Amino acid sequence: MTLAPRDDLALMPGYHSPQVDVAVRLNTNEAPEAPPAEFSRRLGEALATIEWHRYPDRGYRTLREAIAKHHAVAPEQVFAANGSNEVLQTVLLAYGGPGRHGAVFEPTYALHSHIARITGTGVVVGGRSEDLTLDLGEVRRVVAEHAPEVTFLCSPNNPTGMAEPEETVGAVAGLTPGIVVVDEAYGQFAPWSALGMVGDERNVVVTRTFSKTWSMAGARLGYLVGPPGLVAELDKVALPYHLDAVKQVAGTLALSFTDEMRARVAALVEERGRVTAALADLPVDVWRSDANFVLFRPRARDGDGVWQALLERSVLIRNCAGWPRLEGCLRVTIGTRAEDDAFLAALAEVLS
Ligand SMILES: Cc1ncc(COP(=O)(O)O)c(C=O)c1O
């Protein structure tokens, strides 16, 4: 084919996270376990009631109400889509686009700037402090220079793992007249949530996903809680019937397993403590994590080499070694105890 894509897309790299067959897969921050067996049984029953020849409920009312109830907000404050990535894309379709700007503070979740570029939104990049925390002075500079329509925060931040302090998020919301998107894909692992900051007249929205804590990465379901006026704009931008019937049923059902989800989060947080302590005994620098993954940097060996050596031992983690400001860093997802032990043993061997 001779037709070229849009000029602004032509040189853009795609999003790469290798999917390879390995014994221990700790690279994409998924839940280590499938949903509870009772969930799968009841989902099977529910699937039998779907009217396959009809379009699904366009406004996904039952799911919307279930999410709203889960967070004690109004259904009009909830927008859901095919993964929180699509939620972010919808925000940018409605509030970004040509001539507008989205601000990110690197290092952070790569898809914020990637999706912004795809939607034709200008990306303005601020840097984090030496210790990888958000620097309010830098936020002030970026906001003053570019007046971004959308500012992305990620709390806990991927790939560094640290949650933003509540005062910081409040301060950013006060600095910009634009929208502040707080991406809480890992929010359940963190000590606090920005959900309490969402209000009808405030510029804060919070995005969440079923991909991590709910063990449902395969379903592709995420959502946003924000002011009703903003949600109404997102509803206009979403394609008709964008949420299929299976997803609507699965998401609604998952929310009746909240106790099980919380127990799993608590177990992962404990396991995170064990893995972090074990890493501290190895020749690596480790960052504090409020999420289900840990960032570390081998001291005496290059990150690429360590990543490759782990892969040769059938352990796949995330290679951040070439990312700006993360030279030599690697990120490991907290898995089952057995998976984490396999990772730690392989890492100890590689570094010995
Ligand atoms: C910070 C962050 N936001 C959003 C996502 C995407 O989530 P989803 O699977 O809901 O699209 C991820 C996935 O890794 C993530 O790390």
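Student: Where is the place of A116, and what makes that stretch a helix?

Tutor: A116 lies in helix α5, residues 110–118. Helices are DSSP runs of H or I with at least four residues, strands are runs of E with at least two, and both are numbered from the N terminus. The model is a predicted one, in which local features need pLDDT of at least 70, side-chain atom pairs count only at pLDDT 80 or more, and totals for chains, interfaces and linings use all residues. Residues are numbered from 1 along each chain as its sequence is written, and side-chain values use heavy atoms, with hydrogens and water left out.

Student: Why does A116 count as buried?

Tutor: Buried means under 20% relative accessible area, exposed means over 50%, and partly exposed lies in between (1.4 Å probe, protein chains only). The relative accessibility of A116 is 1%, and therefore A116 counts as buried.

Student: Which residues are in contact with A116, leaving aside its neighbours within four places in sequence?

Tutor: They are L92, L111, T121 and V123, where contact means heavy atoms within 4.5 Å. For L92, 24 residues away along the chain, the C-alpha atom is separated from that of A116 by 6.4 Å.

Student: Why is T168 called buried?

Tutor: T168 has a relative accessible area of 11%, which is under the 20% limit, so T168 is buried. T168 is found in helix α7, residues 166–175. Beyond its neighbours within four places in sequence, T168 is in contact with L134 and L136.

Student: What are the domains of the protein chain?

Tutor: Domain 1 covers 7–35 + 259–351 and domain 2 covers 50–256; such bounds come from an automatic or database domain assignment. Their centres, taken over C-alpha atoms, are 24 Å apart. To the contact, domain 1 contributes 34 residues and domain 2 contributes 34 residues.

Student: What is the area buried between domain 1 and domain 2?

Tutor: The value is about 2,500 Å², with 66% given by carbon and sulfur atoms. Buried area is the accessible area (1.4 Å probe) that two parts lose on being put together, summed over both.

Student: Which element gives the most to the side of domain 1 that touches domain 2?

Tutor: That element is α10, with seven residues.
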